[in-house]
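Dear colleague,

I am handing over the structure below, together with notes on what was found in it. Please read the notes with the coordinates open beside them.

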Amino acid sequence: MSKISIVPMVTDEDMQGKGYVHWKAWHETYTGLVDPAYLEKMTLEKCIDIAQRWPQNLMVAKDGDKVVGFVGYGAYRDETLADCGEVYAVYVLADYHGQKVGCRLMDAAFEKLADYKRIAVWVLKGNDKAIRFYERYGFRFDGTESEIELGTPNTEIRMVYDKHGLV
């Protein structure tokens, strides 16, 4: 197994790598779940631009100099959950699945979100592999769903990790 390091995304190379992982993982993960025309619009250039515009609260997983995964985190985006952090995104290249890279990224995000009593994540309905990952990590569904437009309507479901086991 490769030696993976988890570090803040700071360099241009990290941003380029994060953009690549974002693009590649979206295509690896959402083909068959999301409108193909929408996926086609999720270009490598667009994902690199996103990384360069929003470098805050991002950690990357690196195998040597190669970015192979990332996690975005911060305060929960709205007022529906008080005292809650959020994992906005966690993606790992398929070639690195099964090597605990996702767990290490989640651990890093949890360290950054240590002051929150709960941590939420939204997952696309039908993304069973991600749902199993979050469940193994201790997240549970809280019954909240949201419709999002990804070329066609899709449903996201919220999962919450409660440090006191109340979800």
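Is V7 buried, partly exposed or exposed? At 25% relative accessibility, V7 counts as partly exposed, where buried means under 20% relative accessible area, exposed means over 50% and partly exposed lies in between, with a 1.4 Å probe and protein chains only. V7 belongs to strand β1, residues 4-8, and its C-alpha atom is separated by 12 Å from that of Q56, which is 49 residues away along the chain. Helices (H or I, at least four residues) and strands (E, at least two) are DSSP runs that are numbered from the N terminus.

Before the rest, a word on conventions. The model is predicted, so that local features need pLDDT of at least 70 and side-chain atom pairs count only at pLDDT 80 or more, while totals for chains, interfaces and linings use all residues. Residues are numbered from 1 along each chain as its sequence is written, and side-chain values use heavy atoms, with hydrogens and water left out.

On the aromatic residues, rings of Phe, Tyr and Trp (its six-membered ring) pair if their centres lie within 6.5 Å, and planes under 30 degrees apart count as stacked, over 60 as edge-to-face and the rest as tilted. By this rule the count comes to 13 aromatic pairs. One of them joins Y20 and W23, with 5.7 Å from centre to centre and 50° between the planes, and is tilted. Both residues lie in helix α1, residues 12-30, three residues apart, which is about one turn of the helix. Y20 is partly exposed, with a relative accessible area of 33%, and W23 is partly exposed as well, at 25%. The rings of Y137 and F139 have centres 6.4 Å apart and planes at 35°, so this pair is also tilted. Here Y137 is buried, with a relative accessible area of 18%, and F139 is buried at 0%. Ring pairs link Y137 and F139 with F110, F133, Y134 and Y161 into a cluster.

One ring also has a charge over it, which requires NZ of Lys or CZ of Arg within 6 Å of the ring centre and within 35 degrees of the ring normal. The charged end of K18 sits over the ring of F70, 4.5 Å from its centre.

Helix α1 packs with helix α3, residues 44-53, at an angle of about 135° and with the axes 8 Å apart; axes are lines fitted to C-alpha atoms, for helices over the stretch in contact, and angles run from 0 to 180 degrees between N-to-C directions. The two helices are therefore oblique to each other, since angles under 35 degrees count as roughly parallel, over 145 as roughly antiparallel, 65 to 115 as roughly perpendicular and the rest as oblique.

As for cysteines, the structure holds zero disulfides, a disulfide being a pair of cysteine sulfur atoms within 2.5 Å. The sulfur of C103 is 20 Å from the closest cysteine sulfur, in C84, too far for a bond. C103 is partly exposed at 25% relative accessible area, whereas C47 counts as buried at 0%.

Finally, two backbone angles deserve a look. N57, in the loop between α3 and β2 (58-63), has a positive phi of about 55° although it is not a glycine. D83, in the loop between β3 (66-75) and β4 (84-92), likewise is not a glycine and has a positive phi of about 50°.
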